[in-house]
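Have the coordinates open as we talk.

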Amino acid sequence: MKLIESITASSWVTGFKHITCSRPECTRWLTQRHFETRKVGVKFEEKWFCSYRCLARGLERTLGKMLGPVGVQTKHSFRMPLGLTLVSRGYLTSDQLREANELHRERGQEIGETLLDLGFVNEKQLTAVKAAQWGCPAYDLPACMPPAAFRVPATMMKRYLMVPLQYVEKQQKLSIGFCEGIEYVALYAVEQITGCKAQPYLITASDYQRFTASLSEREVFEEQVFDDPHTPPEMRHVLCSFGAQMDAEEIAVTRCGDQLWTRLTRGKEVADLLFRVG
Ligand SMILES: [Zn+2]
């Protein structure tokens with residue numbers, strides 16, 4: 001009995017297991033061994049499809065479901081305002097806060113910005129207090145900028161003021177830095193597209209600018225933005241043509257605010273296609 005168990009559990013036998021195309025009408029199949037050694041077909045939502053033709057209907061259905069209205073993240077309000085928190089931490093005096101409050105109302109800018117302009121606090125103090133308000137750690141970017149640990153489309157980095165910080169492959173964990181505050185819709189979208197757990201951090205505005213500036217100098221990723229409205233069949237057509245052209249092994253789709261973020265992957269090659277919706 002033990003012998004049979006060990007034979008059926010061996011990788012040699014497992015290699016002959018069948019994987020069938022996920023389109024119900026299709027009968028094509030592969031052995032696990034064949035599947036692992038030769039990249040054939042395309043993976044979408046944890047299912048394998050033998051071809052882009054077979055993927056089309058399922059993909060279109062998912063795209064259609066994602067076009068409905070979505071909730072908008074309301075402006076976060078904290079129990080204690082930023083200025084008072086800075087005073088309570090000893091970074092600011094009450095008199096300085098009063099002066100800054102008058103000026104920021106006059107100028108119609110954020111209180112943090114006014115405090116920096118007046119030189120009452122520095123960026124690190126401001127970010128540390130903001131991070132405490134959001135209940136997440138602050139992150140200091142090193143002086144020598146490391147390459148991006150993982151990929152986020154530049155369009156989204158700009159829109160949500162965020163940067164990719166670290167990727168721990170073993171734990172499938174990503175760290176994302178936000179400059180103004182945590183944008184949960186973007187954090188969730190990154191998790192959906194990468195399949196990793198994303199941990200938010202707060203970073204200073206200077207670090208955000210330094211990171212994005214260095215990124216555009218060093219790394220250029222393929223990214224396409226479609227600003228005019230597309231119907232689900234149109235989007236499916238674009239994605240399948242693009243996927244077949246680059247021979248992508250996997251497609252991931254998610255909604256992020258007024259955009260559909262789709263990612264095509266082939267080994268280390270990544271292409272992001274963003275469609276504006278709603
Ligand atoms: Zn098929």
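Q: Which protein atoms count as donors of the zinc ion in this predicted model, and what makes them donors?
A: They are the SG atoms of Cys-21, Cys-26, Cys-50 and Cys-54.

Q: What spacing do the donors of the zinc ion follow along the chain?
A: The pattern is C-x4-C-x23-C-x3-C. Within it, Cys-26 and Cys-54 are 28 residues apart and link distant parts of the chain: Cys-26 sits in the loop between β1 (18-20) and β2 (29-31), while Cys-54 belongs to helix α4 (residues 52-65).

Q: How do you know whether Cys-26 and Cys-54 are buried or exposed?
A: Buried means under 20% relative accessible area. Cys-26 has 12% relative accessibility, so it counts as buried. Cys-54 has a relative accessible area of 4%, so this residue is buried too.

Q: How does the span of helix α8 compare with the expected one?
A: Helix α8 (residues 123-134) has 12 residues and reaches 16 Å from its first C-alpha to its last. At 1.5 Å a residue, 16 Å is also what is expected, so the reach is close to that value.

Q: What is found at the start of α8, and what just after α8?
A: At the start, a side-chain oxygen of Asn-122 comes to within 3.1 Å of the backbone nitrogen of Lys-124. Just after α8, Gly-135 has a positive phi of about 70°.

Q: Which elements do the buried residues of α8 pack against?
A: Those buried residues, among them Leu-126, Val-129 and Trp-134, pack against α5 (82-88), α7 (111-118), α10 (184-194) and β7 (197-202).

Q: Which residues touch the most other members of the largest nonpolar core?
A: Of its 37 residues, these are Met-156, Met-162, Ile-176, Val-190, Ile-203 and Phe-211. The element giving the most to this core is α10, with 5 residues.

Notes
Residues numbered from 1 in each chain as written. Predicted model: local features only at pLDDT ≥ 70, side-chain atom pairs only at ≥ 80, totals over all residues. Heavy atoms only, no water. Donors = N, O, S within 2.8 Å, 3.2 Å for Na, K, Ca; no water. Helix = DSSP H or I, 4+ residues; strand = E, 2+ residues; numbered from the N terminus. Buried < 20%, exposed > 50% of the residue type's maximum accessible area, 1.4 Å probe, protein only. Contact = heavy atoms within 4.5 Å. Polar contact = N/O pair within 3.5 Å; in protein donor to acceptor, adjacent residues only side chain to side chain. Core = buried A, V, L, I, M, F, W, Y, C linked by side-chain atoms within 4.5 Å.
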